[in-house]
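Biologist: I am new to this one. Could you show me the structure and take me through some of its charged residues?

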Amino acid sequence: MADFGLYVYQEEVVQRALCGENIIIWLPTGGGKTRAAVYVAKKHLETTENAKVVVLVNKVHLVDQHFTKEFDPHLGRDYKLVPVSGESDEKDFFGNVVRDSHLVICTAQILYNALINPEESRHVELSDITLLIIDECHHTHKESVYNKIMRCYVEKRLGEQGPLPQILGLTASPGTGGAKTLENAVEHVLQICANLDSSIVSTKNYVPELKQKVPRPKKSFDIVDKRNEDPFGEHLKWMMEQIHEFMNLPPDFKPRQFGTQEYEADVVVLEQRGVRDDNRVLAQCALHLRQYNDALLINDTLRMMDAYSSLEDYYSLKGLKAIDGTDYYLVGLFQENQVELRKLALDSRFENPKMAKLQTTLLNQFDAGVKSRGILFSKTRKSVHCLHDWISNNRVLQTAGIKAAILTGAGNGITYMTQHEQGETIRNFREGALNLLISTSVAEEGLDIPECNLVVRYGLLTNEIAQQQASGRARAQDSVYSVVAERGGREERREHINEYLEELTGKAIAKVQEMSPRQKLLYDQKQINFTAESHKLQKRSRFPASRIQFLCRNCFKPVASGSDIKLVDNAHFVNINPNFKREYRAGGQVVLERTFEDWEPGCTISCNNGNCGQNWGFELKYKKIALLPNIAIKNFALQTPDGRMTLKKWKDIPFTVEDFDFAEYCQDNFPDIIFD
């Protein structure tokens, strides 16, 4: 193994995998889990007849990263390796790619789609694979794609349906799954092991070598006292009270404290209740209260002007979409208070003290004459953009030599980055053109980011897994892990809880590793049987599609029937009723970074009922012929025989959606055209 460059602790954790066992490798961020997996893959390819390795990742950018940085340099000369993501053409004939390659790296969704796709060129059986490597495998739970794949695995194993691949999971921490006691944490770790049909392995004999390779950063709580006065925040709360009075809150509804995540959860429930009860006053007031609550959260974390701007942006659009007295009241309330809010937001006497503390924290590590490299983690894309604006316009920080850039998740929209932009930013950071990344959680997990001497968590309430991954980014010698928070506030309390949960995770794993094989087998078998059975007993459709009516979630106008909805390529829910086009207006062209074999995006679509303008989705041009409205379920309410309901995801709908029949659609809509 020495010629491969493994550390002794890596050699220890791969031993059981080399013997063909299903295992989960537990090593901290920076400990070399991926390199260990490459070694296992290499030995597997050398020693297994007709070997076929598939490496699963949970984020698109990790496909190319793992291929370029790890697998191709060590295996590419002797084996055929293919990276496949939703952005590559190979996904459209994935079955052929797997059959013709030795090793494939892909997103989990692509493999799952292939497992359930009957088309030969796209279909893959688990029996085609001999080694399945699952990166960041702690995500194998509930309805994650990883768990859907493993359910297929478990069902085949229990049914003794042919050979199955060896499993190799990789994780920096399985976490406790929300458990606060050792007993429950052990159950969570066992459940992850059961879901992956694997044992969890860590170094026992070479802990000092691991600690030397992955040193723990010095932890610093950079604490500030609460503002003495907050007239801007108080004025926002007064406005929220005015809305409470206007909306006539239901007597059984007791909202929690303004400016908290709990209050946000309350008004989300209130909006859903308003929709269900056909009470537009309640629903709309709840949506506006959420915006004010967001502004309070921003005011607690960022500059007052950032909070003010978030409301100004929201109401600049809302003012154009008023359709009844409720809308006019809510827009008018903001407009009447706009001047006063702006005046308060510009008063520097009441600025957020956390910003000053953050400035001090950055200056302690960055100096014009010292080479430093850091990551500043914040919760949302909005906060990341605001922090970048603040740093870029802060003369003191610029004089200190801070060259900052934003790093957020890939996606579509002005606050997202393309995958190319992500790669360019990380490359500039690695080469020294940048020395501070301001990032959402995208930089916590998986990304190939060089060692940092400063990691700052700012305004974050996350679990122990995210905390450990962020901390693991500070791997340079004498590095600092800083938590900037209010004294006694939520962030400080959560950080201390996460420290306890990190310790609890270690104890739980040790307990699981101490269990006899029989103890684990009994527990795992019970859990696996439950998992497989729950998969078989998935919720059945409760109503015929024709009994479901779709209503615009904003104006409550009925616009479609459930029988109008069809499923395209197991991914897109479209309305095929030609009369539906009367219900929406088309907007701007949707631009996506990637291209697709069978479809391309058209224009955005929104409700055509007066000034409503509720976003519904976008048009999808299928096979260059069919222009189909692709709708998002979250933008509608469903009227069912049991009453009205709202949903976030299509998987929760109470009726069956049939697959889209392209030939039938063409025959109905283009009878004079002959198709092959």
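Predicted model: local features only at pLDDT ≥ 70, side-chain atom pairs only at ≥ 80, totals over all residues.

Biologist: Why is Glu 271 called buried?

Modeller: Its relative accessibility is 7%. Buried means under 20%, so Glu 271 counts as buried. Glu 271 lies in helix α10, residues 261-276.

Biologist: What makes Arg 553 and Glu 271 a salt bridge?

Modeller: Their closest N and O atoms are 2.5 Å apart. The cut-off is within 4 Å, so the pair qualifies as a salt bridge. The pair links distant parts of the chain, 282 residues apart. Arg 553 sits in the loop between β14 (549-552) and β15 (558-561). Both Arg 553 and Glu 271 are buried.

Biologist: What else does Glu 271 touch, besides Arg 553?

Modeller: Leaving out residues up to four places away in sequence, Glu 271 also touches Ala 283, Ala 286 and Leu 287.

Biologist: How do you know whether Arg 349 is buried or exposed?

Modeller: Arg 349 has 66% relative accessibility. Exposed means over 50%, so Arg 349 counts as exposed. Arg 349 forms a salt bridge with Asp 347, at 2.7 Å between the closest N and O atoms. Asp 347 has 18%, under the 20% limit, so Asp 347 is buried.

Biologist: Why is Asp 652 called partly exposed?

Modeller: Its relative accessibility is 26%. That falls between the 20% and 50% limits, so Asp 652 counts as partly exposed. Asp 652 meets Lys 651 in a salt bridge, 3.3 Å from N to O. Lys 651, at 51%, is exposed.

Methods:
Residues numbered from 1 in each chain as written. Heavy atoms only, no water. Helix = DSSP H or I, 4+ residues; strand = E, 2+ residues; numbered from the N terminus. Buried < 20%, exposed > 50% of the residue type's maximum accessible area, 1.4 Å probe, protein only. Contact = heavy atoms within 4.5 Å. Salt bridge = Lys/Arg side-chain N within 4 Å of Asp/Glu carboxyl O.
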